[in-house]
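These notebook entries record what I looked up in one structure, in the order in which I looked. Each entry takes up one topic.

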Amino acid sequence: MRRLFLALAMTLAPGPALAQTAWDELRPMLFAERALIPAGPHIAIASPYRTADDARTPIGIHVEGPEGRLIDRVTVILDENPMPVSAVVELARPLPALTFDLTLRFNGATALHVVAETTDGRLFLAETHVKTSGQGACAAPPGTDPVAALADLGQMSIELTPLTHAGGAAARLGAVATRTGRIEVDIRHPSHSGLQKDQISLLFIPPRYVETVEVALDGQPYATITGSISLSENPRIGLSAPGATRLVEVAMKDTSGTVTTASRQIPGY
């Protein structure tokens with residue numbers, strides 16, 4: 001299902017013609033005739049009014065299952081990006097609430113839609129709008145030399161901290177439970193979009209970006225994040241997690257088939 005979302009989204013071309021109709025076209029492609037229920041207070045989005053850096057903008061999302069429902073999957077959509085389905089977070093075991101944040105690349109001003117699916121098959125929708133500084137980040141030159149970026153591609157660092165003390169969007173959205181922590185994963189990856197040009201040869205750099213990030217806690221699968229070209233260079237991913245977690249294991253796979261792993265044993269806090 002995750003790959004279907006991404007494949008469908010990639011069939012849309014960016015440009016002024018979609019400025020007023022992107023969501024109208026995306027919605028049936030991604031969700032067919034399924035009803036999208038306004039989420040109201042059950043989905044909170046922390047995003048800037050205008051991006052300070054189009055190539056690396058942190059977005060925070062907090063989701064709670066309405067009326068006791070459990071969250072199964074959350075989809076983040078940047079309507080006007082070349083690859084609108086920007087990230088999908090799937091939980092191995094459904095949860096009553098989830099907070100996560102991502103560093104995303106914005107190609108231009110866009111509506112941002114968040115769709116949460118509960119275990120009973122209902123879809124809950126929230127939306128906002130983000131203005132940009134006009135850098136066209138999906139086609140902007142990479143921030144690092146493409147060859148040098150391969151040297152440490154896939155290296156990851158992992159942190160686990162109490163959510164109430166964490167910085168960024170997750171902290172502003174608040175803790176989802178008394179004993180909840182926050183996992184933070186920093187990934188070294190150039191996230192080439194396929195729209196960027198080598199500044200010397202002027203040839204397009206082949207697309208290569210983070211395809212999936214699988215997170216396991218204390219030896220059990222926890223969440224899978226499916227990425228896209230909308231993930232920033234060297235993306236950072238934050239996830240709420242049980243505060244009693246002591247072992248975090250992460251496996252990253254990119255679109256070229258490279259797989260790297262990292263783990264962190266937490267003594268307690």
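**Entry 1: Confidence in the model**

The chain as a whole averages a pLDDT of 85, and 84% of the residues score at least 70.

I noted the conventions next. This is a predicted model, in which local features need pLDDT of at least 70 and side-chain atom pairs count only at pLDDT 80 or more, while totals for chains, interfaces and linings use all residues. Residues are numbered from 1 along each chain as its sequence is written, and side-chain values use heavy atoms, with hydrogens and water left out.

**Entry 2: The chain as a whole**

I counted 4 helices and 15 strands; these are DSSP runs numbered from the N terminus, helices being H or I with at least four residues and strands E with at least two. Of the 269 residues, 51% count as buried. Buried means under 20% relative accessible area, exposed over 50%, and partly exposed in between, with a 1.4 Å probe and protein chains only. Among contacts between residues at least 6 apart in sequence, 70% join residues at least 24 apart.

**Entry 3: Nonpolar cores**

I then looked up the nonpolar cores, each a set of buried Ala, Val, Leu, Ile, Met, Phe, Trp, Tyr and Cys residues joined through side-chain atoms within 4.5 Å. In soluble globular proteins, nonpolar side chains tend to be buried together. The largest core here holds 45 residues, and Ile43, Phe100, Ile183, Val213, Val215 and Leu239 touch the most other members. Beyond its neighbours within four places in sequence, Val215 is in contact with residues including Ile183, Tyr222, Leu239 and Val250. A second, separate core has 11 residues, among them Phe31, Leu36, Val85 and Val88.

Which residues of helix H2 (residues 22-31) are buried? They are Ala22, Trp23, Leu26, Leu30 and Phe31. These residues cover an arc of only 100 degrees around the axis, so they lie on the same side of H2; the arc is that of the directions from the helix axis to the C-beta atoms. Ala32 follows H2 and has a positive phi of about 50 degrees although it is not a glycine. I found Ala32 in the loop between H2 and strand E1 (36-38), partly exposed at 47% relative accessibility. Ser191 likewise is not a glycine and has a positive phi of about 50 degrees, but Ser191 counts as buried at 0% relative accessibility.

**Entry 4: Strand E7**

In a regular strand the side chains alternate between the two faces of the sheet. I checked both faces of E7: Thr110, Leu112, Val114, Ala116 and Thr118 on one side, and Ala111, His113, Val115 and Glu117 on the other, are all buried. Since 9 of the 9 residues of E7 (residues 110-118) are buried, the strand is largely enclosed by the rest of the structure.

Two strands pair if DSSP finds at least two bridges between them. Strand E4 (residues 71-78) pairs with E7 in the antiparallel sense over 7 bridges, and Ile77 has His113 as its bridge partner. Strand E8 (residues 123-130) is also antiparallel to E7, over 8 bridges. The hairpin of E7 and E8 has 4 residues between the strands, and Gly121 there takes a positive phi near 85 degrees.

**Entry 5: Strand E14 and Asp254**

Strand E14 has a covered face of Val248, Val250, Met252 and Asp254, and an uncovered one of Leu247, Glu249, Ala251 and Lys253. E14 pairs in the antiparallel sense with strand E11 (residues 210-217) over 7 bridges, and with strand E15 (residues 259-265) over 7 bridges. In the hairpin of E14 and E15, Gly257 takes a positive phi near 90 degrees.

Is Asp254 buried or exposed? Asp254 is buried, with a relative accessible area of 0%. Which side chain does the side chain of Asp254 join in a polar contact of 2.8 Å? It is that of Arg208. A polar contact is a pair of N or O atoms within 3.5 Å; within protein, one must be able to donate a hydrogen and the other to accept it, and residues adjacent in sequence count only if both atoms are side-chain atoms. The side chain of Asp254 also reaches the backbone nitrogen of Ser256 at 3.0 Å.

Key
Contact = heavy atoms within 4.5 Å. pLDDT = per-residue confidence, 0-100.
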